[in-house]
Amino acid sequence: MASLSCSASDLAPLFSSNTANASAVANYLCTRFDSIANKLSDTTYAIDNTYLLFSAYLVFAMQLGFAMLCAGSVRAKNTMNIMLTNVLDAAAGGLSYYLFGFAFAFGSPSNGFIGRHFFGLTDYPKPTGDYSFFLYQWAFAIAAAGITSGSIAERTQFVAYLIYSSFLTGFVYPVVSHWFWSSDGWASPTRTGDLLFGSGVIDFAGSGVVHMVGGIAGLWGAFIEGPRVGRFDQAGRSVVLRGHSASLVVLGSFLLWFGWYGFNPGSFLTIAKSYGDSGSYYGQWSAIGRTAVTTTLAGCTAALTTLFSKRLLVGHWNVLDVCNGLLAGFVAITSGCSVVEPWAAIICGFVASWVLIGCNKLAEKLKYDDPLEAAQLHGGCGAWGVLFTGLFATKSYVNEVYSGQLGRPYGLFMGGGGKLLAAQIVQILVVSGWVTATMGPLFFLLNKMKLLRVSRDDEVAGMDMTRHGGFAYAYHDEDEQSIKHAYVMGKIEPNIETPPANLSLPSADV
């Protein structure tokens with residue numbers, strides 16, 4: 001907003017020379033004018049903070065989407081367990097992000113690697129940020145932790161969730177967000193001077209910062225834990241362990257879709273900002289609308305592509321695959337949602353669908369078990385989204401969103417050269433390396449200390465009964481009889497020597 005000012009000494013000569021009280025009138029008018037200017041400034045701050053708070057509420061509502069999606073994707077005997085972990089992600093993440101995470105992420109002034117101010121919100125808020133900004137960033141941090149919980153579902157001890165969630169939201173994720181979102185970060189596009197490849201990394205709402213971090217963390221957790229009991233038979237063939245409620249999966253997907261309108265458009269942080277001359281119909285509010293459109297188109301395209309692709313591959317229409325495809329499109333567009341044309345978002349969603357399908361095929365061949373396909377969806381499609389931005393970012397939109405530097409590189413396919421793409425590739429490499437170097441050893445140590453995976457008996461019986469005092473509701477899992485039959489016929493995994501004591505076996509003639 002332009003600065004409004006008034007000077008009585010400049011205004012007095014404009015009055016008639018025979019006006020005895022010209023100076024007094026000028027002073028009075030300037031006082032009124034300054035009062036109006038201050039009110040307009042206050043209103044602008046109020047509008048921007050209200051917009052950011054509303055966006056934070058939308059992103060936080062995604063936790064409900066994660067909870068429903070996770071609950072529907074696991075077997076009914078683990079419903080209470082997975083719901084509790086989603087609550088834990090938000091609660092433990094809230095304290096760890098308040099005490100340490102926010103300071104590591106945005107504690108300016110700082111170095112390019114990590115922030116060093118605002119621990120426990122000391123000396124905060126500042127003119128550069130208010131409490132609404134903290135709340136918004138916390139909602140992002142717990143989203144990353146929620147992604148990881150899906151990868152290690154149905155076999156992980158409660159204490160492991162508590163430890164990894166606090167560590168991820170309090171240290172691992174904040175360092176990454178500092179690199180790419182803080183004005184002090186070494187790869188930030190808002191850094192003052194010395195930009196990476198003259199551009200910095202454009203990861204507007206976090207395909208890399210949020211989704212790759214959560215996905216790669218989940219990848220290492222699931223890899224170190226190993227597959228669930230019964231996920232692969234003795235011959236190494238894949239056995240589908242279906243989630244117990246398609247309805248919850250669809251509900252969760254729609255809630256995430258709704259929340260994504262706070263995730264992506266909300267990342268502008270402010271709305272009352274004009275582009276160019278004041279009074280124009282076009283401003284940051286227009287860019288926010290465009291971002292919502294690109295987000296929508298990418299998700300819709302990925303959902304439809306997955307629908308027809310899976311129909312050709314497996315021979316039937318599967319709503320669960322469509323929901324994951326929808327989310328794959330959203331994950332991929334999150335990086336470049338503000339700087340690409342709507343038609344490019346369609347390309348993004350189309351490719352994201354095939355990235356997810358390809359990653360799932362690779363996971364099956366490698367006998368990698370991720371109940372929610374979180375590592376494939378958020379890690380794989382997040383990486384594609386980062387690359388997509390380096391290919392399709394539009395010059396005019398990049399200059400609007402990241403103003404202040406002339407000649408900033410933009411998408412390779414849009415004529416902007418390869419510098420932005422090079423910066424995006426660097427992001428993929430450093431995020432993968434950082435999360436691997438931090439979360440990999442953590443999960444390894446938890447596993448060595450026998451704090452990571454539950455016992456085989458508990459896993460087969462279901463953690464709701466063995467760890468949480470009872471089942472969420474009366475149920476019958478589709479795979480229950482098949483697992484019992486596998487125990488009888490000797491087809492279960494070779495390392496499962498005997499069935500758990502509390503498993504009632506069917507007769508041998510089943």
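Predicted model: local features only at pLDDT ≥ 70, side-chain atom pairs only at ≥ 80, totals over all residues.

Trainee: How many helices and strands does the protein have?

Mentor: The protein has 16 helices and zero strands. Of its 510 residues, 55% are buried. Among contacts between residues at least 6 apart in sequence, 73% join residues at least 24 apart.

Trainee: What describes two packed helices?

Mentor: Two packed helices are described by the angle between their axes and the distance between the axes. In this structure, take helix α6 (residues 207–225) and helix α13 (residues 419–448): their axes come within 8 Å and cross at roughly 35°. The crossing of α6 past α13 is right-handed.

Trainee: Which residues of α6 and α13 meet?

Mentor: On the α6 side they are Gly208, Val209, Met212, Val213, Ile216, Ala217, Trp220, Gly221 and Ile224. Among their partners in α13 are Gln427, Ile428, Val431, Ser432, Val435 and Phe443. The residues of this contact comprise 13 nonpolar, seven polar and no charged.

Trainee: What shows where empty space is left?

Mentor: Rolling a probe the size of a water molecule over the atoms shows this. Here, a search of the whole structure finds one cavity of 30 Å³ or more. The volume of the largest cavity is about 80 Å³.

Trainee: Which residues line the largest cavity?

Mentor: Its lining consists of Phe66, Leu69, Cys70, Gly146, Ile147, Gly150, Leu327, Leu372, Ala374, Leu377 and His378. Helices α2 (22–73), α4 (131–151) and α11 (374–392) each supply at least two residues of that lining. By type, the lining residues are eight nonpolar, three polar and no charged.

Trainee: Let us turn to single residues. Is Ser207 buried or exposed?

Mentor: The term "buried" applies under 20% relative accessible area. Ser207 has a relative accessible area of 0%, so Ser207 is buried. This residue is placed in helix α6. Leaving aside neighbours within four places in sequence, Ser207 is in contact with residues including Met212, Val331, Thr334, His378 and Gly385. His378 is also one of the residues lining the largest cavity.

Trainee: Why does Val460 count as buried?

Mentor: Val460 counts as buried because its relative accessibility is 10%, and the cut-off is under 20%. Val460 is found in helix α14 (residues 456–461). The C-alpha atoms of Val460 and Glu154 are separated by 9.5 Å, although these residues are 306 residues apart along the chain.

Methods: Residues numbered from 1 in each chain as written. Heavy atoms only, no water. Axes fitted to C-alpha atoms, helices over the stretch in contact; angles between N-to-C directions. Helix = DSSP H or I, 4+ residues; strand = E, 2+ residues; numbered from the N terminus. Left-handed = near helix turned anticlockwise from the far one by under 90°. Contact = heavy atoms within 4.5 Å. Nonpolar A, V, L, I, M, F, W, Y, C, P; charged D, E, K, R; others polar. 1 Å grid on protein atoms, 1.4 Å probe; cavity = no way out; pocket = protein on both sides within 12 Å on 5 of 7 lines; lining within 4 Å. Points joined across faces, edges and corners; volume = space filled by probe spheres on them. Buried < 20%, exposed > 50% of the residue type's maximum accessible area, 1.4 Å probe, protein only.
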